[in-house]
Amino acid sequence: QVQLVESGGGLVQAGGSLRLSCAASGTIVSIVSMGWYRQAPGKQRELVARMKTNGSRNYADSVKGRFTISRDNAKNTVALQMNSLQPEDTAVYYCHTVHRDSWLDEYEYWGQGTQVTVSS
């Protein structure tokens, strides 16, 4: 089992910045990827940014150039620096990881979510 604990989030004015952090703990064998999803009221959960252990990154088009994902593989942590925040970025942000166990089976794990609210 892998647990994800998030920190950061909160209320910010449009144009401001926030930083989200997430740490994985538990019986960790191999982390394939870590990243962030978000879900706004009445909308489906969507990928914000993801980073694989090999260093490759994926971003949603809506956040490219504004958000930056980073990882510390040794510490099993991931961070999301969010700049130039807009009201449409308001959502619950979830940390996500894909973990590969000793039998090479892969499982997804989710954090509990942290609220990000951007006021206009």
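Apart from neighbours within four places in sequence, Val-78 is in contact (heavy atoms within 4.5 Å) with Leu-20, Ser-21, Cys-22, Met-34, Trp-36, Ile-69, Ser-70, Arg-71 and Cys-95. The structure is a predicted model, in which local features need pLDDT of at least 70 and side-chain atom pairs count only at pLDDT 80 or more, whereas totals for chains, interfaces and linings use all residues. Residues are numbered from 1 along each chain as its sequence is written, and side-chain values use heavy atoms, with hydrogens and water left out.

Val-78 is placed in strand E8; helices (H or I, at least four residues) and strands (E, at least two) are DSSP runs numbered from the N terminus. With a relative accessibility of 3%, Val-78 counts as buried, where buried means under 20% relative accessible area, exposed over 50% and partly exposed in between (1.4 Å probe, protein chains only). Arg-50 is 28 residues away from Val-78 along the chain, and the C-alpha atoms of the two are separated by 9.3 Å.

Two of the residues in contact with Val-78, Cys-22 and Cys-95, form a disulfide with their sulfur atoms 2.1 Å apart. A disulfide is defined here as a pair of cysteine sulfur atoms within 2.5 Å, and by this rule the count is one. Cys-22 belongs to strand E3 (residues 18–26) and Cys-95 to strand E9 (residues 91–100), so the bond ties together parts that are 73 residues apart in sequence. The torsion about the S-S bond of Cys-22 and Cys-95 is about -85°, so the disulfide is left-handed. Both cysteines, Cys-22 and Cys-95, are buried.

A polar atom of the His-99 side chain lies 2.8 Å from the backbone nitrogen of Val-29. Not counting residues up to four places away in sequence, His-99 touches Val-2, Thr-27, Ile-28, Val-29, Ser-30, Ile-31, Asp-105, Glu-106, Tyr-107 and Tyr-109.

Leu-47, in strand E5, has a relative accessibility of 22% and counts as partly exposed. Neighbours within four places in sequence aside, Leu-47 is in contact with Trp-36, Tyr-37 and Ala-60. Leu-47 and Gly-9 are 38 residues apart in sequence, with a C-alpha to C-alpha distance of 17 Å.

Overall, the protein has 11 strands and zero helices. The radius of gyration, taken over C-alpha atoms, is 14 Å, close to the 14 Å given for 120 residues by the globule rule (2.2 Å times the number of residues to the power 0.38), so the protein is as compact as a globular protein of that length. The C-alpha trace spans about 50 × 25 × 20 Å along its principal axes. Of the 120 residues, 41% count as buried. Among contacts with a separation of 6 or more, 55% are between residues 24 or more positions apart.

Conventions
Polar contact = N/O pair within 3.5 Å; in protein donor to acceptor, adjacent residues only side chain to side chain.
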